[in-house]
Amino acid sequence: ERDILPARVSGFEPRLLDELCYAGDIVWGRRSSGRGGATTRATPIALWHRPSSPWLLGAPTDDAAQLSPHETQVVDVLRQRGALFYDEIAKSLAATREALDATLWSLVSLGRITADGFAALSSLAGASPRRTGRWSLLDGGPPPSSSSTVESFARQLLARYGVVYRELVLKEIGPRWRDLLMCYRR
């Protein structure tokens with residue numbers, strides 16, 4: 001938000017990113033599952049068009065055994081009630097601010113949650129006493145077929161880079177090079 005987008009988007013302002021998120025055009029989140037813990041500036045957060053969510057995220061994960069009790073509680077309340085504001089989550093769980101902040105950070109790191117705007121992540125990271133945004137599970141819904149997913153990735157990589165080669169694909173989160181190569185040959 002502070003480093004990459006202003007360098008790549010002429011006239012970028014953080015509110016523009018939030019407007020795209022609030023309009024439902026853009027989603028943010030961690031596409032790869034981390035080990036949890038604190039989210040930092042080094043945590044890879046991706047932005048993508050909402051309609052791409054099914055093939056970018058795949059099937060919802062059921063890793064309840066890997067979640068802490070606090071993480072499980074937040075995931076359960078979001079699954080049952082849908083998107084909730086920070087204060088609503090805190091009230092539902094009778095959680096302290098420090099405990100809820102740590103849990104939300106961990107769930108962002110695990111790639112399990114997102115918020116309706118990028119400002120929610122920024123406010124969680126900042127020293128501001130105010131917490132913004134509605135939090136929800138990061139779920140792409142039912143995944144498309146495997147061949148459809150590979151083709152979607154293949155087209156996205158071509159649109160992004162123009163030329164796709166093995167070393168480039170190794171840096172991406174997606175299908176294996178072999179699967180993409182078979183798609184490109186078709």
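Guide: Let's start with pairing: two strands count as paired if DSSP finds at least two bridges between them. Strands themselves are DSSP runs of E with at least two residues, helices are runs of H or I with at least four, and both are numbered from the N terminus. Before we go on, this is a predicted model, where local features need pLDDT of at least 70 and side-chain atom pairs count only at pLDDT 80 or more, while totals for chains, interfaces and linings use all residues. Residues are numbered from 1 along each chain as its sequence is written, and side-chain values use heavy atoms, with hydrogens and water left out.

Visitor: What makes β4 and β5 a pair?

Guide: Three bridges join them, in the antiparallel sense, and the rule asks for at least two. Ile113 stands opposite Leu137 in β5, and Ala115 has Trp135 as its bridge partner in β5.

Visitor: How do you know that β3 pairs with β5?

Guide: The count there is two bridges, again antiparallel, and at least two is what the definition requires. Phe85 faces Arg134 of β5 across that pairing. Put together, the strands make an open sheet of three in the order β3-β5-β4.

Visitor: Why are β3 and β4 called edge strands?

Guide: Each of them pairs on one side only.

Visitor: What joins β1 to β2?

Guide: Four bridges do, and the two strands run antiparallel; Ile26, for one, has His49 of β2 as its bridge partner.

Visitor: How do you know that the span of α4 agrees with its 13 residues?

Guide: The expected span is 1.5 Å times one less than the number of residues. For α4 that gives 18 Å, and the end C-alpha atoms are 18 Å apart, so the two agree. Just after α4 comes Gly82, with a positive phi of about 85°.

Visitor: Which residues are buried in α4?

Guide: Those are Glu71, Val74, Val75, Val77 and Leu78. They cover an arc of only 165° around the axis, and therefore lie on the same side of α4; the arc is taken from the directions from the helix axis to the C-beta atoms. On the other side, Pro69 and Gln80 are exposed. The buried residues of α4 pack against β3, α5, α6, β4 and β5.

Visitor: What makes a set of residues a nonpolar core?

Guide: Its members are buried Ala, Val, Leu, Ile, Met, Phe, Trp, Tyr and Cys residues joined through side-chain atoms within 4.5 Å. The largest such core here has 28 residues, and Trp28, Leu104 and Trp135 touch the most other members. Its largest share, five residues, is from α6. Leu104 touches Val74, Tyr86, Ile113, Leu124 and Trp135, leaving aside residues up to four places away in sequence; contact means heavy atoms within 4.5 Å. A second, separate core holds 14 residues, including Phe153 and Val169.

Visitor: How many helices and strands are in the chain?

Guide: Ten helices and five strands. Of the 186 residues, 37% are buried. Among contacts between residues at least 6 apart in sequence, 61% join residues at least 24 apart.

Note on methods. Buried means under 20% relative accessible area, exposed over 50%, partly exposed in between (1.4 Å probe, protein chains only).
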